[in-house]
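Subject: Structure handover and notes

Dear colleague,

Here is the structure I said I would pass on. My notes follow below it.

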Amino acid sequence: MTKHNGSKPEVQERIGVYVCHCGTNIAGTVDVVQVAEWAASRLKTRGVVIARDYKFMCSSLGQELIEKDIKELGLTRVVVAACSPHLHEKTFRTACARAGLNPFLCEMVSIREQVSWVHTDKEAATIKSQAAVSGGVERVIHHEALEPLTVPINPATLVVGGGIAGIQATLEIADAGHHVYMVEREPSIGGHMAQFDKTFPTLDCAACILTPKMVDVGGHPNVTLMTWSEVEKVEGYVGNFSVTVRKKARHVKTEDCTGCGICQEKCPKKVIDEIYEAGLGYRKAIYTPFPQAVPRFPVMDVDNCIYFEKGTCKACEKFCPTNAINFDQQDEIVTLEVGNIILATGYDIFDARRVSNYGYGRLANVFTSLEMERLTNAAGPTNGNIVLRDGKTVPEAVGIIHCVGSRDRNFNNHCSVICCMQSLKFAHMVHERTGAIVYNFYIDMRTPFKDYDEFYQRVMEEGTLFVRGKVAEVTDATRLPGEEGKLIIQVEDTLAGKQRRIPVDMVVLSVGLQPRQDSNETAKLFGISCSANGWFIEKHPKLDPVATMTEGIYIAGCAQGPKDIPASVSQGAAAAARVLGKIEQKEMALEPVRASVIEEKCSGCRICNDLCPFNAITFHEDRMVTEINAALCQGCGTCVAACPAGAIYGTGFNNEQVLAQIEGLLLLNVGDEPVPA
Amino acid sequence: MVTLQALDPPKAVPKLIEDLTLLDEVSARTAGVSRLEMCIQCGTCGGSCPSSADMDHTPRMLFAMLRAGMREDSLKSNTPWICVSCYHCVVRCPQNVHIADVMYTLKGMAIEAKLFRDSTAPDFSQTFVDMVEEYGRGFEFGLATRHYLKHFPLRLPSMAPMGLGLLSKKRMTITPKRIKGIKQLKAILKRAKEVEGDSHG
Amino acid sequence: MAKYLFYPGCSMESSAKAYSDSLMAVAGPIGLELEEVEDWNCCGATEYLGISLTPAYALISRNLALASKQANGNRTVVAPCSACYLNLAKADYYMQEQPKLGVMVNEALKAGGLSYKPGTLSIRHLLDVMVYDIGLDTIKSKVVRPLTGLRVAPYLGCMVPRPDYENRWSDHEYPIELDLLLNALGAEVIDFPLKTHCCGGHMPHIGPDTAFELIRRLISSAATYETDIMATLCPMCQMNLDAYQGETNRHFGTNYHMPVVFFTQLMGLAFGLDPKDIGFGSELVSARKALNKVGLEAPELVEAAPARPRKAEGLPMPRPLPTRGPQRAKKDEVAK
Amino acid sequence: MNNNEIFEPTIIGFTCNWCSYRAADLAGTARIKYPPNIRLIRLMCSGRLDPTFVFKALASGADGVMITGCHPGECHYLEQNYKALRRFHLIRRTLKGFGVEPGRVKLVWASAAEGAKFASETAVFIEEIRALGPLHWGKSNGYTPFGGKPPEFEPAPESPEEVPA
């Protein structure tokens with residue numbers, strides 16, 4: 001341990017300190033000039049030979065400044081006081097390396113995120129910055145020249161979720177010639193988009209543009225498609241993940257099944273299809289969710305199958321021409337070895353029954369937007385006829401309510417992004433198919449992005465009646481003449497400043513998007529973070545939207561936040577590009593933060609033996625010493641902290657470095673007497 | 001030669017109406033946390049209100065006026081007095097504004113500033129409060145007769161059968177009941193009024 | 001025996017005597033023991049809050065202070081009246097949300113030698129206690145004269161299910177508690193769409209025209225469902241719908257005859273008590289016809305009147321939300 | 001330090017690389033303000049926290065130590081924050097034995113999304129330490145653990161010149 005009685009031993013290192021203004025981001029709150037001057041004078045005895053401040057240290061000129069000093073002044077250590085190391089540590093390490101200094105001899109201290117942006121008192125912020133620099137200087141003295149660890153990148157990739165974002169990512173990678181495992185928990189890929197009829201603003205048919213992509217995935221030589229499957233365990237790290245997948249029993253031998261559909265035809269059990277048909281239609285107990293499903297093999301729903309319930313039936317087995325039915329099939333556990341993972345797990349829709357004043361579930365002719373998608377879909381339960389729940393009456397007036405469950409503190413705070421456009425799409429389709437009067441009830445009309453506002457204009461031209469006001473209630477309790485037999489939408493028309501009661505035949509609730517109900521568990525499974533409401537958190541909201549804090553795990557589509565199809569496709573492609581970049585590198589440099597045992601010091605007490613969750617620690621009975629396998633060690637340092645003999649050395653975060661940083665932060669290193677500047 | 005001088009006295013130059021302290025004042029005088037500044041003008045309140053047809057302004061509009069600092073117009077509005085405290089708007093408000101309690105605040109402020117237009121409601125409240133302060137309990141007979149005599153004398157004949165019905169069915173008593181601790185209650189209310197006065201400076 | 005502190009409120013002594021009588025009559029059989037808060041005062045109804053803040057909350061809080069002194073380990077106060085229930089609950093809640101209010105109120109209470117620590121008591125409505133503490137099974141077990149065939153519209157009014165600071169009710173707009181209770185009594189419960197809409201509150205005194213329209217909406221909607229009787233749980237609702245019904249009829253030239261009684265009266269009826277002892281006869285719109293209907297031995301179950309159009313054919317309806325008890329919101333949070 | 005002034009404690013905060021350091025970064029990105037009395041050290045994991053670090057900090061002049069990490073169950077290294085939790089209790093017991101208020105050490109879980117929580121917990125802790133007053137470890141009973149010495153703050157630097165905006 002360092003001695004420190006105000007008269008520390010002269011340091012042999014030659015240290016350069018660089019203080020960044022970051023424009024006014026830092027300099028607005030911290031007196032950066034003062035910090036640099038202070039470091040130059042007060043930390044001289046600690047080896048600081050030069051301290052500079054500069055407008056933008058991360059600019060090429062700023063980096064050249066450091067490089068020049070390393071070369072001309074013979075610096076052996078560099079401290080950069082700027083933003084968070086998570087942003088620019090790599091930048092400055094690379095600069096050092098260019099000038100011939102081992103990159104790990106550079107230390108970054110954060111005086112932006114942790115000082116200038118969170119404090120207002122300039123004097124206190126300046127002192128805190130000085131302390132941070134001082135801590136960095138003391139720490140860097142104890143740094144060692146290190147070589148980065150490299151790990152090979154397994155070129156295979158796992159994509160979780162077979163919606164449009166996952167499909168896009170899969171195809172990009174597979175087309176580039178690398179193997180992709182796609183895991184989807186439903187029987188078919190396609191996601192929510194497969195349920196839609198038209199897509200805004202161009203009104204392309206969803207199936208027409210999606211099906212070819214689904215077929216591509218299903219038949220791609222580089223894709224292993226695993227539907228009706230779920231990820232159960234993820235081990236390992238970037239480059240070499242080992243993923244355990246449960247392939248749920250389909251009770252259909254996929255190697256024999258031709259997808260002819262006879263089993264579905266013969267199955268006597270009809271079940272309401274809550275998933276694909278949004279509860280509006282029926283399926284059988286053995287089924288493929290929709291005709292274009294990929295793969296074409298059906299699955300057996302054992303909770304509803306008569307054979308599983310009563311022990312007799314087996315109609316599907318009797319009629320199957322290829323003997324592909326297997327009632328005894330068990331779940332299968334498969335382990336996949338992949339280098340990168342893309343999560344595209346999508347969203348859930350808001351449960352409209354929670355807004356009891358809109359009557360969904362109580363009033364027959366209140367529908368959700370997803371139900372409306374099925375109603376308008378030519379392959380849906382009504383063959384695309386927009387009718388009331390009696391299955392035949394065509395509505396004469398339809399009210400479409402925006403923001404259901406969104407922008408509402410009682411439910412979800414966020415704007416669900418797609419509802420305005422989706423509601424406009426419905427307005428158009430109701431006009432086109434029924435000629436009914438259409439009302440749209442909105443709080444704010446949000447139509448950004450290409451051709452969206454033009455679509456709004458078009459729907460206005462078609463005669464849709466827009467009412468600005470959040471609907472208060474939908475009721476069948478009549479109050480005024482003319483309301484009998486109708487649903488009444490009660491709302492304040494905020495532009496007229498009057499309460500209105502508008503009788504309609506049909507109400508469509510544009511329900512919001514919300515995170516998957518199990519998104520927290522998914523995040524935990526893959527070791528990434530979720531925001532408080534359950535969206536996956538990206539590495540940087542603007543500059544790194546598809547990466548996560550965990551190397552090798554990427555996110556795409558609505559799992560990251562509500563978005564429309566174009567944005568989901570873009571993210572899928574972006575995540576794929578990131579993964580392809582990693583695959584091209586073939587190997588990847590990792591922080592050489594690893595633990596190792598100094599054998600002479602190890603007493604063989606075995607305290608550390610049970611602490612490693614990665615099984616990197618083994619004990620050699622013969623020599624009575626412990627050894628750490630560097631390939632398995634992830635560098636958390638728990639064993640380092642636990643060793644009573646101090647026999648475990650934690651590279652990058654060794655005891656001397658941390659203890660010295662403490663002293664530096666507490667300014668024990670600057671001595672009692674101020675050194676004149 | 002005709003001069004126009006005699007026709008009209010000169011008009012006052014219009015004043016700026018914005019009184020940006022109004023919103024804060026209303027918030028500060030409301031029980032709990034009003035969240036009035038969070039209103040997004042969606043109209044859920046005005047749409048939910050069972051009595052909005054009789055209001056000068058929907059609650060939403062009133063909140064916009066408070067924000068705009070229209071002190072006199074907003075305190076004169078009959079809206080708070082028509083509010084029936086049904087709390088439909090409160091539970092539906094997407095921003096969790098304490099709407100019903102803001103209405104109570106506005107009533108109190110209107111009484112203080114003597115800005116209400118129709119005295120029926122404030123009188124009713126005051127009569128009720130007077131009775132409670134006197135007896136510690138509500139006194140329906142006294143309240144109803146006193147209030148109706150003053151504000152709806154013409155309605156009294158048609159209301160009489162109902163009143164008689166209530167009396168004959170022993171659902172109204174003619175003599176008020178006083179609580180034992182009326183002195184204690186009076187002391188508490190006296191102090192409360194002082195505290196309230198201090199809190200507005 | 002479930003024991004609670006009881007805050008009756010002013011109306012229970014006069015206009016809502018039927019509520020009081022019937023409650024006392026059914027409390028014994030179901031094992032509900034109510035200990036009245038001694039020397040309680042008026043809660044201020046909806047009037048005092050509109051005059052001045054601190055005095056209004058001090059008035060309410062005197063009761064909280066008295067109750068907490070009397071509490072003796074029993075921290076639940078039961079109120080049968082909506083306005084009383086809301087005012088007590090509101091004062092307790094706001095003094096926690098805005099500690100400044102609690103300080104001002106306690107300053108006032110000090111002048112009377114009292115004090116109250118917000119959050120000490122738990123304020124609950126009578127129906128809440130009946131359904132969730134006493135339990136529907138207990139109530140059902142006491143039924144000797146099921147109200148078979150009696151079409152009852154459950155009417156809760158506003159201030160019990162809203163704003164519901166503690167999330168005690170199954171829903172703010174369509175709570176099912178009263179339906180369940182009436183169901184347990186054997187009654188045919190109407191899916192009454194206006195069950196938590198406003199009865200007019202104090203408007204009969206302030207803007208009678210406004211009040212009559214609100215009363216009309218409720219009575220006429222109940223009438224479309226061929227309701228025999230409306231069950232309420234609030235003295236003011238009962239007063240408005242019952243006593244002002246005649247005036248409302250005159251105002252609109254209508255001719256409704258809709259008896260409105262307290263749910264405890266119907267409980268008493270089902271428990272086999274004498275209608276006289278549980279306040280029947282004090283309603284201004286006579287409940288005689290409804291009584292006759294129960295007197296009849298198991299009338300034929302007439303496939304009744306205009307229920308909601310729900311057809312077996314056509315598209316399936318969404319499944320109902322799983323029944324949620326109190327603390328619904330908390331459960332949801334856990335689920336997240 | 002001038003005794004007439006409000007006591008400004010110095011606190012050392014240990015953060016883990018994956019959650020709490022990022023929470024501190026997020027507090028910055030979101031411009032959430034908290035008092036400047038805390039100075040942070042980054043470790044890879046709260047499991048790396050050697051109790052010696054805490055004692056060293058307190059003995060070297062810190063008035064309090066805040067240990068932060070991922071929420072239980074969300075550790076980047078699976079379960080190492082549970083080890084930090086165990087050590088935290090050990091540290092508090094040991095401090096009590098030394099005659100130091102155990103409240104000078106606090107454990108806070110903050111996920112990468114909880115910048116606001118990081119800021120508010122920090123602010124609360126600073127007030128708690130302010131209320132406890134300065135720690136003169138080593139002076140009161142002559143016991144000087146780890147060769148540490150009482151804090152010596154240098155006089156505040158002269159008021160810095162205005163930086164043009």
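How many residues does the contact take from chain C, and how many from chain A? The contact takes 20 residues from chain C and 18 residues from chain A, where two residues are in contact if their C-beta atoms, placed from the backbone, lie within 7 Å. The chain C side of this contact with chain A consists of 10 nonpolar, two polar and eight charged residues. In that division Ala, Val, Leu, Ile, Met, Phe, Trp, Tyr, Cys and Pro count as nonpolar, Asp, Glu, Lys and Arg as charged, and the others, Gly among them, as polar.

Please note that this is a predicted model, in which local features need pLDDT of at least 70 and side-chain atom pairs count only at pLDDT 80 or more, while totals for chains, interfaces and linings use all residues. Residues are numbered from 1 along each chain as its sequence is written, and chains are lettered from A and ligands numbered from 1 in the order in which they are written.

Chains B and C

Helix α11 (residues 182–199) of chain B packs against helix α4 (residues 99–110) of chain C: the axes come within 7 Å and cross at roughly 145°. Axes here are lines fitted to C-alpha atoms, for helices over the stretch in contact, and angles run from 0 to 180 degrees between N-to-C directions. Helices (H or I, at least four residues) and strands (E, at least two) are DSSP runs, numbered from the N terminus. The crossing of α11(B) and α4(C) is right-handed, that is, the near helix is turned clockwise from the far one by less than a right angle, with anticlockwise being left-handed. On the α11(B) side the residues are B:Ile188, B:Arg191, B:Ala192, B:Val195 and B:Ser199, and they meet C:Met104, C:Glu107, C:Ala108 and C:Leu109 of α4(C). Six residues of this contact are nonpolar, one is polar and two are charged.

Chain C

Some backbone geometry in chain C deserves a look. Most residues other than glycine have a negative phi, and most peptide bonds are trans. C:Arg162 and C:Pro163 are joined by a cis peptide bond with omega of about -5°, and C:Pro163 lies in the loop between β5 (151–155) and α7 (177–184) of chain C. C:Asp164, found in the loop between β5 and α7 of chain C, is not a glycine but has a positive phi of about 60°. C:Asp164 counts as buried because it has 22 C-beta neighbours inside 10 Å. A residue is buried if 20 or more other C-beta atoms lie within 10 Å of its own, exposed if 12 or fewer, and partly exposed in between. C:Glu226 also is not a glycine and has a positive phi, of about 50°. C:Glu226 sits in the loop between α9 (208–224) and β7 (229–232) of chain C and is partly exposed, with 14 other C-beta atoms within 10 Å.

Chain A

Which residues of helix α14 (residues 519–526) of chain A are buried? They are A:Ser519, A:Thr522, A:Ala523 and A:Phe526. Seen down the axis of α14(A), these buried residues fall within an arc of 100°, so they line one face of the helix; the arc is that of the directions from the helix axis to the C-beta atoms. Their cover includes β11 (229–237), β18 (340–343), β28 (513–515) and β29 (553–555) of chain A. Just after α14(A), A:Gly527 has a positive phi of about 70°.

Chain A also has a cis peptide bond between A:Val294 and A:Pro295, with omega of about 0°. A:Pro295 is in the loop between β15 (286–287) and β16 (299–300) of chain A.

Chain D

Chain D has four helices and four strands, in the order β-α-β-α-β-α-β-α along the sequence. Of its 165 residues, 56% are buried.

Regards
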